[in-house]
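The sequence and structure come next.

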Amino acid sequence: MPAERRQPLKIEVPDQKQETLRFGRVGLIVTAGFVIGIIWPRVAGFKLVPSVPSQPAESSSADLTGAPGEAKGTAPAMAPPTEPEAPPAAAPPSLDRLQISEPQFLTCKENGKRHKDECDHIEFDRLARPHIQALATCAGADKLLGVLSLGFDLDFTSQAVKNIKSGKSTSFTEPETQTLIDCEKKEFANVSLVGIAHKHEAYSVFYKVEFPKADVDKTESAAVGADVAPAEVTEASGHATVAWDVALVRSSASRDGAVVARVLQGTRISVTGRRGDWYRIKYDVKGSVGWVYRTAIGM
């Protein structure tokens, strides 16, 4: 067979001018498409993305603070109705209404043995008096008129008030007395005797608590604007003997007066004046003057 003639390989090298012309045409087409893509939606009225909301012309920088503004054309908000004022609370009962005597220590015990004439005067009064004054807040106490003999059995073994009782001098009825005793038991339920210096292990101490009518009279007088004059000092002369184990002599005719001296039982003193239930006395050889409660000198 005759040999097949092969065509010679022909390689054409592109002309550089023609290639530059082709790329230039492609660039023109791309640029024209880009321009048409941007201009055409605006000419046709299309929006490819949402526009940023604009603030109304009347808004100001104050609107940016977050403070609420009043809507135009609307009435101002009405103020909420005010609640009616509550009636004034009733005044609490006056704790100063009660007249409380100085404490009288009747007996003391040591190892089960009772002593009557050798009892020391312990500082129970400072602890007890505020709780006794609270009797004025007991139910119905504001209407009571009379005397309560109030006794306490103090046990320093347990450091507690073991018993609260009424004495023979009480002038109230049995139900009234029991109400007052129950009030005192609640007052002294958590009272401790820790810290009170003492010589014996147990004591029996009594107070005389008066519920006077004088306070009611003063309240009525104050309501009409009348002035209540303090009690006058009545001059007196004579002698008396201290009846308590230890009588507290005060600087004024009041339990609020400072204690200026302590006078032992059996001491003879000179009485120079009286104001209510308090007596002005001279209690030593120097002629020192002070005030004692009447029961302290057997009055």
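## Cys138 and Cys183

Cys138 and Cys183 are joined by a disulfide, with an S to S distance of 2.3 Å. The term covers a pair of cysteine sulfur atoms within 2.5 Å. This bond links distant parts of the chain, 45 residues apart. Cys138 lies in the loop between helix 2 and strand 4 (146-155). Cys183 sits in helix 3 (residues 174-187). Helices (H or I, at least four residues) and strands (E, at least two) are DSSP runs, numbered from the N terminus.

Cys138 is buried, at a relative accessible area of 8%. Buried means under 20% relative accessible area, exposed over 50%, and partly exposed in between (1.4 Å probe, protein chains only).

## Basis of the model

The model is predicted: local features need pLDDT of at least 70, side-chain atom pairs count only at pLDDT 80 or more, and totals for chains, interfaces and linings use all residues. Residues are numbered from 1 along each chain as its sequence is written, and side-chain values use heavy atoms, leaving out hydrogens and water.

## Cys108 and Cys119

Cys108 and Cys119 also form a disulfide, with sulfur atoms 2.3 Å apart. This pair, too, links distant parts of the chain, at a separation of 11 residues. Cys108 is in strand 2 (residues 104-110). Cys119 is in the loop between strand 3 (113-115) and helix 2 (125-133).

The torsion about the S-S bond of Cys108 and Cys119 is about -100°, so this disulfide is left-handed. Cys108 is buried at 0% relative accessible area. Cys119 is buried at 8%.

## Pairing

The count is 2 disulfides. With the bonded cysteines of the protein chain numbered in sequence order, the pairing reads 1-2, 3-4.
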